[in-house]
Amino acid sequence: MAVFLTENDVKQVLTVDMALAGVESAHRDLALGQAVDTPRQRSRLPQTVLHILQGALPAQGVLGYKAYTSNRSGNRFLVHLFDAATGLHKAVIEADYLGMMRTGAASGVAARWLARPDAAVAGVFGSGWQAEGHVRAICAALPLELVKVCGRDAGKLRDFCARLSEQTGRRVVPAADAEDAVREADLIGTVTTAAKPLFDADWLQPGAHINGAGSNALIRQELSEATLRRCGLIAVDTVPTALAEAGDLLPLLEKGRLHSRQLVELGEIIVGRHPGRGDAAQITLFESQGLAIQDLAVAVRVLEAALAQGLGQELPLQ
């Protein structure tokens, strides 16, 4: 019998540390040849789009997919897990909260491997749903003391900062402006739907690490070409996914000012095939697009924790 987990079930068991562990394991498995990930596919109608990410983690015993629809009325996410050995359906999991946490965790894992270990100040662009997971993850991954957040709605931004200060135990405060968020930041995160670059490359200090998490289509661009030119290392989830979706990178790739061979997969750094950060002054970048195996790895841990607590409903699926 398969198990159905609701959003509330997921919220009861999923922690930031669980999400970080899951995402890091997915990238490690992929680099070791123990995972399969298929880039996102979309079916488009005038009002609604269906998105599907699929993959397999045989070393963790599962394969599956995340399907979600986007519409003016909102987004709806479901993760389906299957047993890798038998093919039997293991679980259907509502995955809005799960996806937010895994997206944030990808930035947290990248920061853990690419930011300076003594990073104390972060600047984050965005105060929405996805930015919440981002702030929680970077605070869990690094000894940050201060997070400055840049958002368009002053009231929403104040509420966001108050809530995240309480959740993380760190000082999370509104930034005065974009320059204030970037100037002295050891870590910068962009979690928006911006169509134009969010900050001036000259504001970056030596040694900064950037997590670009919002630019997942050609029409979106959070980072300028000048910013990319300052980066001594550009890491990605996977090269095929970056070449298909990374709006920050695609214009430079098309102009020949950046080449795919310059992109380093995060898993290659985690398993030690690539050295990662070169020195304390190097500016590094992680472009996050999202992978099915990240969702699957987090979902496996959620399912295990939920079953241990007696959560979920049985579904008559095979």
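**Ser 215.** I began with Ser 215, which is buried at a relative accessible area of 0%. Buried here means under 20% relative accessible area, exposed means over 50% and partly exposed is in between, using a 1.4 Å probe and protein chains only. I found Ser 215 in the loop between E11 and helix H7 (225-230). Helices (H or I, at least four residues) and strands (E, at least two) are DSSP runs, numbered from the N terminus. Its side chain reaches the backbone oxygen of Arg 220 at 2.6 Å. That is a polar contact, a pair of N or O atoms within 3.5 Å; within protein, one must be able to donate a hydrogen and the other to accept it, and residues adjacent in sequence count only if both atoms are side-chain atoms. Leaving aside neighbours within four places in sequence, I listed the contacts of Ser 215, including Arg 220, Glu 245, Asp 248, Glu 287 and Gln 289. Contact means heavy atoms within 4.5 Å.

**Note on the model.** This is a predicted model: local features need pLDDT of at least 70, side-chain atom pairs count only at pLDDT 80 or more, and totals for chains, interfaces and linings use all residues. Residues are numbered from 1 along each chain as its sequence is written, and side-chain values use heavy atoms, with hydrogens and water left out.

**Thr 238.** Next I looked up Thr 238, in the loop between strand E12 (231-236) and helix H8 (239-245). Thr 238 is buried too, with a relative accessible area of 7%. Its side chain makes a polar contact of 2.9 Å with that of Thr 241. Not counting residues up to four places away in sequence, Thr 238 touches Leu 30, Glu 265 and Leu 291. I also checked Ala 106: it is 132 residues away from Thr 238 along the chain, and their C-alpha atoms are separated by 12 Å.

**Helix H5.** I moved on to H5 (residues 154-168), 15 residues that reach 21 Å from first C-alpha to last, close to the 21 Å expected at 1.5 Å a residue. The expected span is 1.5 Å times one less than the number of residues. Which residues of H5 are buried? I get Leu 157, Phe 160, Cys 161, Leu 164 and Thr 168. They cover an arc of only 100° around the axis, so they sit on the same side of H5. The arc is that of the directions from the helix axis to the C-beta atoms. The buried residues of H5 pack against helix H4 (129-141), strand E8 (146-150) and strand E9 (171-174). On the other side of H5, Arg 158, Asp 159 and Glu 166 are exposed. At the start of H5, a side-chain oxygen of Asp 153 comes within 3.1 Å of the backbone nitrogen of Gly 155. Just after H5, Gly 169 has a positive phi of about 75°.

**Ser 127.** Not counting residues up to four places away in sequence, Ser 127 touches Val 149, Gly 151, Lys 156, Leu 157 and Phe 160.

**Helix H3.** I gave H3 (residues 96-114) a quick look: 16 of its 19 residues are buried, so it is largely enclosed by the rest of the structure.

**Aromatic pairs.** How many aromatic pairs does the structure hold? I have four. Rings of Phe, Tyr and Trp (its six-membered ring) pair if their centres lie within 6.5 Å; planes under 30 degrees apart count as stacked, over 60 as edge-to-face and the rest as tilted. Tyr 65 and Phe 82 are stacked, at 6.3 Å centre to centre and 25° between the planes. Tyr 65 lies in strand E4 (residues 62-71) and Phe 82 in strand E5 (residues 74-83), so the pair ties together parts 17 residues apart in sequence. Tyr 65 is partly exposed, at 27% relative accessibility.

**Cores.** Last, I checked the largest nonpolar core, which has 53 residues; Leu 14, Leu 81, Ile 93, Leu 98 and Val 302 touch the most other members. A nonpolar core is a set of buried Ala, Val, Leu, Ile, Met, Phe, Trp, Tyr and Cys residues joined through side-chain atoms within 4.5 Å. Helix H11 (residues 292-308) gives this core its largest share, 11 residues.
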